[in-house]
Amino acid sequence: MRHFRVALYDVTSGSADEVIEIAREGFVPIFEAQPGFVRYEVGELDNGGVVSFSIWETANEAQRAVDLAAEFVRDNLATRVRLRDEHTGDVAWDDPA
């Protein structure tokens, strides 16, 4: 069974679009290079925040994504976002189409 990581961020400086672009350029390659990586999605929330959602083959890989994300945010986005909520869990179904 695959696993996911989801995180909600409040944008504290700049815009969601700027945060998303920083993640696209710097963070996406980090996730893509990890064992068990399946998919990564990012979106802008209706309140101007950002949601990050990734799918992994195992629970350990999803947990590793939590650590990697924390490092990336600390080093690259700490002045722009604040983590509001974060979870990992089992994927009930995965229909990529």
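In this predicted model, the backbone nitrogen of Thr58 lies 3.0 Å from a polar atom of the Glu61 side chain, where a polar contact is a pair of N or O atoms within 3.5 Å; within protein, one must be able to donate a hydrogen and the other to accept it, and residues adjacent in sequence count only if both atoms are side-chain atoms. Local features were taken at pLDDT of at least 70 and side-chain atom pairs only at pLDDT 80 or more, whereas totals for chains, interfaces and linings use all residues. Residues are numbered from 1 along each chain as its sequence is written, and side-chain values use heavy atoms, with hydrogens and water left out.

Glu61 belongs to helix α2; helices (H or I, at least four residues) and strands (E, at least two) are DSSP runs, numbered from the N terminus. Glu61 is buried but has no salt bridge. Buried denotes under 20% relative accessible area, exposed over 50%, and partly exposed in between (1.4 Å probe, protein chains only); a salt bridge is a side-chain nitrogen of Lys or Arg within 4 Å of a carboxyl oxygen of Asp or Glu. The nearest side chain of opposite charge to Glu61 is that of Arg2, at 8.5 Å, with Lys and Arg counted as positive, Asp and Glu as negative, and His and the chain ends not counted. Apart from neighbours within four places in sequence, Glu61 contacts Pro35, Gly36 and Trp56 (contact: heavy atoms within 4.5 Å).

Arg2 instead meets Glu57 in a salt bridge, with an N to O distance of 3.1 Å. Glu57 lies in the loop between β3 and α2 and Arg2 in the segment before β1, so the pair ties together parts that are 55 residues apart in sequence. Glu57 is partly exposed at 36% relative accessibility, and Arg2 is partly exposed at 30%. A search of the whole structure gives 8 salt bridges. Among them, Arg39 pairs with Glu41 at 3.6 Å between the closest N and O atoms, and Arg74 pairs with Asp75 at 3.1 Å. Arg39 is partly exposed at 24%, while Arg74 is exposed at 55%. Asp10, Arg82 and Arg84 are linked in a salt-bridge network.

The strands form an open antiparallel sheet of 4 members in the order β2-β3-β1-β4, two strands being paired if DSSP finds at least two bridges between them. The edge strands, each pairing on one side only, are β2 (37-44) and β4 (81-90). Strands β1 (residues 3-11) and β3 (residues 50-56) are antiparallel and joined by 7 bridges, with Val6 opposite Phe53. Likewise, 7 bridges join β2 to β3, and Arg39 has Ile55 in β3 as its bridge partner. The hairpin of β2 and β3 has 5 residues between the strands, and Gly48 in the turn has a positive phi of about 90 degrees.

Helix α1 (residues 16-32) lies across β1, β2, β3 and β4 and runs at about 175 degrees to β2; axes are lines fitted to C-alpha atoms, for helices over the stretch in contact, and angles run from 0 to 180 degrees between N-to-C directions. Helix α2 (residues 59-77) packs on the sheet, touching β1, β3 and β4, and its direction makes about 20 degrees with that of β1. Val66 of helix α2 is buried, with a relative accessible area of 14%.
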